[in-house]
Amino acid sequence: MNKLRIGHLTDIDEKGSRTFKVLDTEIAVFKLSDGSLHAVENRCPHKGGRLSEGMVCGTAVHCPLHDWKIDLRSGKVHEPDEGCLNTYPTEVDGNSGEIYITIAG
Ligand code: FES
């Protein structure tokens, strides 16, 4: 397990995202309107659309390429489509506001 500091709470707008790369994987961290953070692989399971460029609606992001909807909490694609993304646990330091994510491996 690797715990990485990826930025500060103020770096991400509400319903916005921030991306970064760990080895060969690009990860997008989204902030929902309730303030919660969700880190997912930035690659749609359909044809690889960059989810960080999609629109966040509730707890889902709409892929910018073909509008699949993906739940940012579970990584699961909404029906009738199918698939799942890798998700990564996030943590925020209550004092400093720094964001950390945990990557297996
Ligand atoms: S690549 Fe995301 S919906 Fe097609």
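This is a predicted model: local features need pLDDT of at least 70, side-chain atom pairs count only at pLDDT 80 or more; totals for chains, interfaces and linings use all residues.
Residues are numbered from 1 along each chain as its sequence is written, and side-chain values use heavy atoms, with hydrogens and water left out.

Biologist: How many disulfides does a search of the whole structure find?

Modeller: A disulfide is a pair of cysteine sulfur atoms within 2.5 Å. For Cys57, the closest cysteine sulfur is in Cys63, at 15 Å, which is too far for a bond. The search of the whole structure gives a total of 0.

Biologist: Is Ser52 buried or exposed?

Modeller: Ser52 belongs to the loop between β4 (37-41) and β5 (55-57), where strands are DSSP runs of E, at least two residues, numbered from the N terminus. Buried means under 20% relative accessible area, exposed over 50% and partly exposed in between, with a 1.4 Å probe and protein chains only. Because its relative accessible area is 17%, Ser52 is buried.

Biologist: Which backbone oxygen does the side chain of Lys31 reach?

Modeller: Lys31, in strand β3 (residues 25-31), is buried yet has no salt bridge, and Asp13, the nearest side chain of opposite charge, is 6.7 Å away. A salt bridge would need a side-chain nitrogen of Lys or Arg within 4 Å of a carboxyl oxygen of Asp or Glu, with Lys and Arg counted as positive, Asp and Glu as negative, and His and the chain ends not counted. At 2.8 Å, the side chain of Lys31 reaches the backbone oxygen of Ile12.

Methods
Helices (H or I, at least four residues) and strands (E, at least two) are DSSP runs, numbered from the N terminus. A polar contact is a pair of N or O atoms within 3.5 Å; within protein, one must be able to donate a hydrogen and the other to accept it, and residues adjacent in sequence count only if both atoms are side-chain atoms.
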